[in-house]
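Let's take a walk through this structure, one piece at a time. Have the sequence and the 3D view open as you read.

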Amino acid sequence: MILTQKVQKALNLAADKHNGQIRKSSKLPFIVHPFSVTLILLEFTKDEDIITASLLHDLLEDVEEYSYQNLKRDFGKKIADIVKGISEKYDFNDRKIDQGNWEKRKRNYLKNLERQNQESLLICAADKIHNLQSMIRIYEKQGNKMWKDFNAPVEKQIWYYQSAIKILEIKLKNNNIIKRLKKEFHF
């Protein structure tokens with residue numbers, strides 16, 4: 001895949017909007033995450049819309065002043081819908097989800113995941129791969145102390161990732177990324 005204007009625009013916007021944000025339990029700038037998700041996806045697809053959406057995949061959740069309407073205006077409905085499809089902020093009926101209750105938010109996310117398009121599912125799988133890789137690296141450095149920075153204990157995290165993997169395994173047609181995801185799940 002070559003660096004297109006659309007992908008460059010997404011990279012620039014993601015870097016700008018995530019500026020100052022830090023990854024959980026690390027001192028890494030947040031932009032490392034969407035960029036890593038994109039690099040993982042490049043092993044499985046060269047689709048420009050998927051690559052663009054992967055760079056933008058956390059904007060709706062993590063950037064309060066940037067909305068679905070902004071995303072639609074800046075990148076079109078298709079990319080905005082791919083991103084919204086993997087956002088914990090919206091349910092499948094476009095209603096905003098209460099962000100306060102971790103388990104309720106995750107259950108809604110998993111329910112929505114069952115009805116998503118292949119593009120959103122592919123980004124979700126790459127997102128989970130990178131999150132698991134990051135968690136393992138942090139655990140190697142911090143041990144169980146790392147869980148203090150998360151909104152749920154390890155048992156609930158394991159439940160969530162197992163549930164997401166099951167859904168992705170059933171719904172996603174790209175078996176190679178599922179194999180990679182299962183390889184990363186060490187819990």
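This is a predicted model: local features need pLDDT of at least 70, side-chain atom pairs count only at pLDDT 80 or more; totals for chains, interfaces and linings use all residues.

The axes of helix 3 (residues 48-56) and helix 8 (residues 118-142) come within 10 Å and cross at roughly 50 degrees. As for handedness, the crossing is right-handed.

Now zoom in on where the two helices touch. Helix 3 brings Ile50, Ala53 and Ser54, and helix 8 answers with Glu119, Leu122 and Ile123. Sorted by type, the residues of this contact come out as four nonpolar, one polar and one charged.

Eight of its nine residues are buried, so helix 3 is mostly covered. The buried set runs through Asp49, Ile50, Ile51, Thr52, Ala53, Ser54, Leu55 and Leu56. What do they pack against? Helix 8 is one of the partners, and the others are helix 1, helix 2 (32-41), helix 4 (59-62), helix 5 (68-75) and helix 6 (77-85). At the start of helix 3, look for Asp47: one of its side-chain oxygens comes to within 2.9 Å of the backbone nitrogen of Asp49.

Finally, jump to Met1, in the segment before helix 1 (5-17). Leaving aside neighbours within four places in sequence, Met1 is in contact with Val7, Leu42, Lys46, Glu48 and Ile51. Its relative accessibility is 40%, so Met1 counts as partly exposed.

Technical notes
Residues are numbered from 1 along each chain as its sequence is written. Side-chain values use heavy atoms; hydrogens and water are left out. Helices (H or I, at least four residues) and strands (E, at least two) are DSSP runs, numbered from the N terminus. Buried means under 20% relative accessible area, exposed over 50%, partly exposed in between (1.4 Å probe, protein chains only). Contact means heavy atoms within 4.5 Å. Axes are lines fitted to C-alpha atoms, for helices over the stretch in contact, and angles run from 0 to 180 degrees between N-to-C directions. A crossing is left-handed if the near helix is turned anticlockwise from the far one by less than a right angle, and right-handed if clockwise. Ala, Val, Leu, Ile, Met, Phe, Trp, Tyr, Cys and Pro count as nonpolar, Asp, Glu, Lys and Arg as charged, and the others, Gly among them, as polar. A polar contact is a pair of N or O atoms within 3.5 Å; within protein, one must be able to donate a hydrogen and the other to accept it, and residues adjacent in sequence count only if both atoms are side-chain atoms.
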